[in-house]
Amino acid sequence: MKSAIIQLPGLNRDRDMIAALTRISGKAPVTVWQTETELPDVDLVVIPGGFSYGDYLRCGAIAARMPVMQAVAEKARQGVLIMGVCNGFQVLVEMGLLPGALMRNASLKFVCREVKLEVTNANTAFTRGYQPGQIIRCPVAHHDGNYFADAETLKRIEGEGQVAFRYAEGTNPNGSVNDIAGIVSDSGNVLGMMPHPENLIEAAHGGDDGRALFAGIRGKAA
Amino acid sequence: MIKARVTVTLKNGVLDPQGKAIEGALDALGFADVGSVRQGKVFDLEIEGADRAKAESDLNAMCEKLLANTVIEDYTVSIT
């Protein structure tokens with residue numbers, strides 16, 4: 001699998017994501033700076049976590065308007081897999097590639113802890129490494145992960161199986177509606193999730209529940 | 001030079017945990033009559049030129065494209 005990773009000022013989880021992609025796919029991702037207007041021919045484009053532009057205005061709002069994001073949107077239209085984690089998820093909703101919005105945590109506190117996730121839909125390009133309904137461990141670290149969508153949108157994404165991950169066993173850390181932790185686009189090729197699967201991929205992390213997500217993504221050539 | 005103020009507020013029905021926290025703090029200060037608080041944002045802009053109609057249409061476009069997230073927020077534009 002060939003991948004690319006978007007880099008912007010203020011992101012801080014890009015190196016973790018590069019390490020995860022390199023170890024699991026066997027190939028280092030191409031790094032692409034925010035001012036680029038074209039992306040290489042890859043199977044997966046990742047927008048990693050962090051605090052792009054200091055979370056000014058709204059989390060991910062300014063990053064979403066950078067030149068490279070037009071290229072990301074074009075890849076999404078072509079059906080290339082796009083994955084946004086944490087700040088990357090916030091960028092994808094700000095771009096309109098995913099429905100809804102991510103608001104301040106209901107507790108108003110930054111949360112940095114481990115949660116349990118239910119693999120709500122194991123039949124997506126990103127979750128096929130898991131069993132339906134499987135409960136996995138995953139770290140979270142965010143201040144604005146409180147997923148919101150209006151009632152009509154919520155009904156649609158629930159009905160269409162667009163909820164990929166849900167916080168399970170009472171571990172919802174942010175008050176998100178329906179315990180939503182990650183969603184896919186209606187076309188299925190764009191995933192946004194607040195938790196960090198890239199931070200739980202080997203024994204040194206204390207577990208490897210995040211590994212199957214990356215391992216399950218199949219490249220065109222793979 | 002045209003001066004304008006853009007006000008961005010949360011749509012009705014969108015929970016506002018920050019507003020709730022402020023409401024609690026006002027109550028703690030003894031302002032017992034405060035029914036509810038909703039937090040928003042204000043942007044003051046200076047726009048070159050004197051074409052108010054163009055400024056207004058540009059300001060609306062700025063709100064749609066960047067200043068507001070219309071999934072959760074409403075905006076108003078006022079030119080002074």
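**Entry 1: a bridge in chain A.** I began with A4(A) and looked up its bridge partner in β3(A), which turns out to be V45(A). This is a predicted model, so I read everything below as a prediction. Stepping back to the strands themselves, I found 3 bridges between β1 (residues 3-7) and β3 (residues 44-47) of chain A. These two strands run parallel.

Entry 2: Next I wanted the strand order. In chain A, 9 strands make an open sheet, and I noted the order as β2-β1-β3-β4-β11-β10-β9-β6-β7. The pairing is mixed. Which are the edge strands? They are β2 (30-33) and β7 (135-142) of chain A, each pairing on one side only. From one strand to the next, I have the twist down as 25° on average.

**Entry 3: a helix across the sheet.** I then turned to helix α2 of chain A, residues 67-78. Helix α2 lies across β1, β2, β3, β4 (81-85) and β11 (190-193) of chain A. Its angle to β4(A) is about 130°.

**Entry 4: helix α3 of chain A.** Is this helix mostly covered or mostly open? Mostly covered: for α3 (residues 87-95) I have 9 of its 9 residues as buried. Among them are F89(A), V91(A), L92(A) and M95(A), and also Q90(A) and E94(A). I checked what does the covering, and it includes β3, α2, β4, β5 (101-103) and β11 of chain A. Just after the helix, G96(A) has a positive phi of about 85°.

**Entry 5: over to chain B.** I counted 2 helices and 3 strands in chain B, and from the N terminus they come in the order β-α-β-α-β. The radius of gyration of this chain is 16 Å, well over the 12 Å from the globule rule for 80 residues, so chain B is more spread out than a compact globule. Along the principal axes, its C-alpha atoms fill a box of roughly 45 × 25 × 15 Å. Buried residues come to 11% of the 80 in chain B. I also looked at contacts in chain B with a separation of 6 or more: 68% of them are between residues 24 or more positions apart.

**Entry 6: where the chains meet.** Last stop, the interface. How many residues of chain B are in contact with chain A? I get 8, and they touch 11 residues of chain A. Helix α1 (residues 17-28) of chain B gives the most to its side, with 3 residues. By class, the chain B side has 6 nonpolar and 2 polar residues, with no charged ones.

Conventions:
Residues are numbered from 1 along each chain as its sequence is written. Chains are lettered from A and ligands numbered from 1 in the order in which they are written. This is a predicted model: local features need pLDDT of at least 70, side-chain atom pairs count only at pLDDT 80 or more; totals for chains, interfaces and linings use all residues. Two residues are in contact if their C-beta atoms, placed from the backbone, lie within 7 Å. Helices (H or I, at least four residues) and strands (E, at least two) are DSSP runs, numbered from the N terminus. Ala, Val, Leu, Ile, Met, Phe, Trp, Tyr, Cys and Pro count as nonpolar, Asp, Glu, Lys and Arg as charged, and the others, Gly among them, as polar. Two strands pair if DSSP finds at least two bridges between them. Axes are lines fitted to C-alpha atoms, for helices over the stretch in contact, and angles run from 0 to 180 degrees between N-to-C directions. The radius of gyration is taken over C-alpha atoms; the globule rule is 2.2 Å times the number of residues to the power 0.38. A residue is buried if 20 or more other C-beta atoms lie within 10 Å of its own, exposed if 12 or fewer, and partly exposed in between; C-beta atoms are placed from the backbone.
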